[in-house]
Amino acid sequence: MERGKKTNQDRLFEQVEKRARVEAQGVDASHLAQSLGIPRNLASSLLNELAAEGKIRKKKTRPVLFYCDCREEDQEEEDPFRKFIGFDKSLREQMEKCRLAAIGCHQANNQRDDSGNPSHKCGTALLE
């Protein structure tokens, strides 16, 4: 390999790190692959390798999301789920589901309908 030339894995890591500052919930392999011009299955394989090495984190959602802990220092104080005993061990999976649900509700509440009014879809099924 030529000296100074970045590998696809390096480029993927940079993209995950860059997008982690903007997209707190993570990014999926297909978007990363598309932005780098590589096949999705290659991106997925390389991302899984990065996750196994501990360089990035993997959320087992559909689609699978990848993110970087580079924002974790900023989020540590504002993450209410960190107050629960076992948030990072025995309750880790449940806390992640709650966090994703909260993020989804936040995004749904920030959407607007065709007339420009706020669209409050999150939780409306419970009220009906």
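This is a predicted model: local features need pLDDT of at least 70, side-chain atom pairs count only at pLDDT 80 or more; totals for chains, interfaces and linings use all residues.
Not counting residues up to four places away in sequence, I found Ile38 touching Asn8, Leu12, Ala33 and Ala43.

Next I looked up the core around it. Ile38 is among the residues with the most contacts inside the largest nonpolar core, along with Leu12, Val16, Leu32, Leu47 and Ile56. That core has 16 residues. I checked where they come from: helix 1 (8-20), helix 2 (29-36) and helix 3 (40-52) each supply at least two.

Then I went to helix 2. Which of its residues are buried? I noted Ala29, Leu32, Ala33 and Leu36. Seen down the axis of helix 2, these fall within an arc of 100°, so they line one face of the helix. I remembered the general rule here: an α-helix has 3.6 residues a turn, so residues three or four places apart point the same way. What do the buried residues of helix 2 pack against? I listed helix 1, strand 1, helix 3 and strand 3. Just after helix 2 I came to Gly37, which takes a positive phi of about 70°.

I found 3 strands forming an open sheet in the order 1-3-2, with antiparallel pairing. Strand 1 (27-28) and strand 2 (57-59) stand at the edges with a single partner strand each, so one side of each has no neighbour in the sheet. Looking at strand 2 and strand 3 (residues 65-67), I noted 3 bridges joining the two. For Lys58, I looked up the bridge partner in strand 3, and it is Phe66.

Conventions
Residues are numbered from 1 along each chain as its sequence is written. Side-chain values use heavy atoms; hydrogens and water are left out. A nonpolar core is a set of buried Ala, Val, Leu, Ile, Met, Phe, Trp, Tyr and Cys residues joined through side-chain atoms within 4.5 Å. Buried means under 20% relative accessible area, exposed over 50%, partly exposed in between (1.4 Å probe, protein chains only). Helices (H or I, at least four residues) and strands (E, at least two) are DSSP runs, numbered from the N terminus. Contact means heavy atoms within 4.5 Å. Two strands pair if DSSP finds at least two bridges between them. The arc is that of the directions from the helix axis to the C-beta atoms.
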